[in-house]
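Reader: I'm new to this. Could you show me how to read a structure like this one?

Author: Gladly; let's look together.

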Amino acid sequence: MNVRRPLCLLFAVFAIVGLSRAQDGDGADTASAEIIAEAAPVISPLPVPSVTASDVPNDDGSAILVEWELSPSDSVGGAVVGYRIYRAFADSGVFVVIGNRSARQNSTVNGEEVEPGVDYLYRVDVLAVRTNADGSSDTLAIPSQSSVPVAAVVQWFNTDRLWALIWFVIIAAATIYFIEKAKRGGNIYVRKIGGIDAVDDAIGRATEMGRKVFFVPGIQDMNDVQTIAGIAILGRVGAVAAEYETRLEVPTSRSMVMVTARETLKESYSKAGRPDSFQEDQVYYLTDEQFAYAAAVDGRIVRERPATIFYMGAFFAESLILSETGNAAGAIQIAGTAEPTQLPFFVAACDYTLLGEELFAASAYLSREPRQLGSLKGQDFGKGIFLLAILLGVILATANLIDLSQYFRIN
Amino acid sequence: MRREVPLLITFITGVVFALSYFIPGGWLGQTERVFGDWITIVQAFAVWLGVLNLLKISLIKIQRKEHDWGYSVVIAVCLVGTIAAGMYSGFAPQFESFRDPETPFNFIFRNIFAPLGATMFAILAFYVASASYRAFRARNREATILLIASFFVMGGRVPLLDSIFMPIIDGTFFADFAGWIMSYPVTAGQRAIAIGIALGIMASSLRVILGIERSHIGGGN
Amino acid sequence: MAGHWIAVAINVVVGLTLVWVLVRTIQGRPIERRIVFVYIALAVATPLFMKLEAPLAETPEVQSIVTTIKELPPGSRILISFDYDPQSAPELQPMAEAFIKFAFKQRHKVIIMGLWPLGPDQANQAIRAALEDPSVAELAPEYGVDYVNLGFQSGNEFVIQGMGSAFKNMFPQDERGTIYDNIPILRGVTNFSNVDYVQVFSSGKPGTREWVQVAADRFGATVGGGTTAVQAPEMYPFLRSNQLIGLMGGMTGAAEFEKAVEELGKANTFLLSQMFAHATVIVFVIFGNIAYFRSRRRDASTDAPTPGGIS
């Protein structure tokens, strides 16, 4: 058995540990040591030819991009096992290690402890294994020339996102224009949304049957706009339920949603002229855990056999588990979510489904408030622009005339 | 004031988050980070709000011997028991931390919680089958196209059709075809839905930020 | 081997009973859903005892993950986010285990974290499974040097955003309480620019989508995904736009990954179950449609749409 190679590698481990300690003063980089130990030995590794440092554009002045030309010795199976990046304040010139990169990597971002306006120098050492004439090997850290001084700069506008801003301003302006138009009494046509029109009938059915109505507001927190949309619909459902004197239950999977839903329902019951009918325990928290929540809601559906169930908000794998149980319990079910993967499940198991954007349009549709309806028009205006842009882009790209997407990149 | 303060907070937070997307530096970026931290902190503390509410409701049900109060006993015992096991695991000197594999908390996690959760997820397979059997019908032309596509995707995403037709069609024709359906028609559909949803989110967010939509804070003017 | 033949025999018998289901369906008496459940249970359980090898396609989305990991030089740092919990483990754990084994065998350094509270525990299980593999055990990966588990951090996508500035801000210490700066594998790791690849295993939100939107789009990280089959279609637009370098979708993706890295494991066994389950669903969809067309023919004049249709 050839023992020379393992011994060489072992030696390399100790050597790099010692070398790192000597150079860093802050302890060895064990990871790099092991990297070096694994490399195939070659002779005379070459340093990095050049190092450049530049301010990372479009940021808050907290990062500098360091790039270097790869060492000519850096090839697959070669001696170079990595690079060690050093930084120094331009006025002191004392270099300290700020990080390592693997072989064949030629850049890093220095994003820690970078002060805007302060000049820094960077140096990149090649870490390599050298084989000696007697067959032994040792490790080397071959330093490069340092870069020219560079300082991070605070940018006040991210130009990479210019197009996002332009589209945002156009669509927001259109939305505000239509809101104002609606306020002035302009005619706003909104097509019928079957699922929302069925709300009254669905609750009426529960009243006739003397059973409960369940409202499930999804499994995300209040920072998800789908949950907000769901809660907006709950307001309307609560008002109808209060009017019909039908018991409405709202099991939630987030505490904040519970608090918000209570507040919303309290208001709905007050508006319906039945503030005393509202009880806080109509809205209750179960658990944050996705399937534990699904199990708990399923349990209540099976035991209570509600006549009507609403699913409005963000749903994931539990969507079918809930809606199939509701279906088996004989409930009329109305669902709405903007999670595209869950839509097929709701469509299969529910009587009505609000598809994606319909969920967001629902509260405006229900309220019939001109300002809210106006915002829907703004949304449609945006969609029209996108449709035209897609059509134009596809035609031009198909005809091999120009790839428009290159001008609209957003990072 | 009960309405104005939340509306003002919503407006300021919304504007800061929207602007900091375009303006990375200065106080705006710092404020965005602070708001981000607040969200994390509030979310973490809010868990207790829910847990205590669950305990309160369960205990009231047990005390009043309400309908199905036995389930509330299960909830209360499991809740208190798991918290106690977690506390013990965290503070008992023989354990490195409460994530130590030997702790009672980990025992509950691995032997009770994990199998129960996996069981719930597994139910999905059964429900997919029953829902497909009941509802996946070729009612019209569009539905028929969907049905045919689903046949190829279900049979092609797993090596089912390729195994059956192996003597006739060599290679992975059906898998490739299912891959094509996923990569092109499905992606096109997903993008269309995603654009609609993105615009819906934008319009909804504007309504919330501008205070037009206020049902989430109890509605009213 | 006896188990294999018993399982095959059971499946043949079960297959024959489907004729009874078909006859009932044609007679206009569709079976109850609990009988469908029995068929699914048998379709899932019996293949676990079978020894069949199914032909698997080589998809670019899985192959690109394998190629990327292979092309990274030994010692590269791979960040893995475990964004799922035990509920999704049956589908995601096999791919996580296969991936970690592969990463260790390629001599890469593995940094683990989770945006879901129970994700890091799943990671620990995957690590334990990987270390039980003789070829990995031989390499003796050491905690803190070859891999580290940073644990869970709450805040969803804000955590990824914070990591864009400095990992240390989001994870001041690892799961075992060791200070970030004292962990050898993390020396020199400031943010995404110091990791060579990011792999996400996710079953919901926050998950692969958030990693693409923040880590890949905002900070330029190379991100690969591993999702449940249900989530996979949602990720394809990111693949087509190259925001996501590769994707393992569900058990099929995991099985293909295992095959590509020549490490046949749980995913390939479970894939057979999935295959039989798909076949059963297809059969029942066909039966359901037969029942539908029969009822339509029988009652053509009163063809009112029934709830739960896809039309």
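Author: Let's begin with burial: a residue is buried if 20 or more other C-beta atoms lie within 10 Å of its own, exposed if 12 or fewer, and partly exposed in between, with C-beta atoms placed from the backbone. Helices (H or I, at least four residues) and strands (E, at least two) are DSSP runs, numbered from the N terminus. This is a predicted model, where local features need pLDDT of at least 70, side-chain atom pairs count only at pLDDT 80 or more, and totals for chains, interfaces and linings use all residues. Residues are numbered from 1 along each chain as its sequence is written, while chains are lettered from A and ligands numbered from 1 in the order in which they are written.

Reader: How many residues of helix α11 of chain A are buried?

Author: Of the 11 residues in α11(A), which spans 357-367, 10 are buried. Among them are E357(A), F360(A) and Y365(A). Just after this helix, R368(A) has a positive phi of about 60°.

Reader: How many residues of chain B are in contact with chain A?

Author: Two residues are in contact if their C-beta atoms, placed from the backbone, lie within 7 Å. Here 52 residues of chain B meet 62 residues of chain A. On the chain B side, α7(B) gives the largest share, 16 residues.

Reader: And what does pLDDT say about chain B?

Author: pLDDT is the predictor's confidence in each residue, from 0 to 100. Chain B has a mean of 87, with 97% of its residues at 70 or more. Among its elements, the mean is lowest in α2(B), at 87, and highest in α3 (residues 69-91), at 92.
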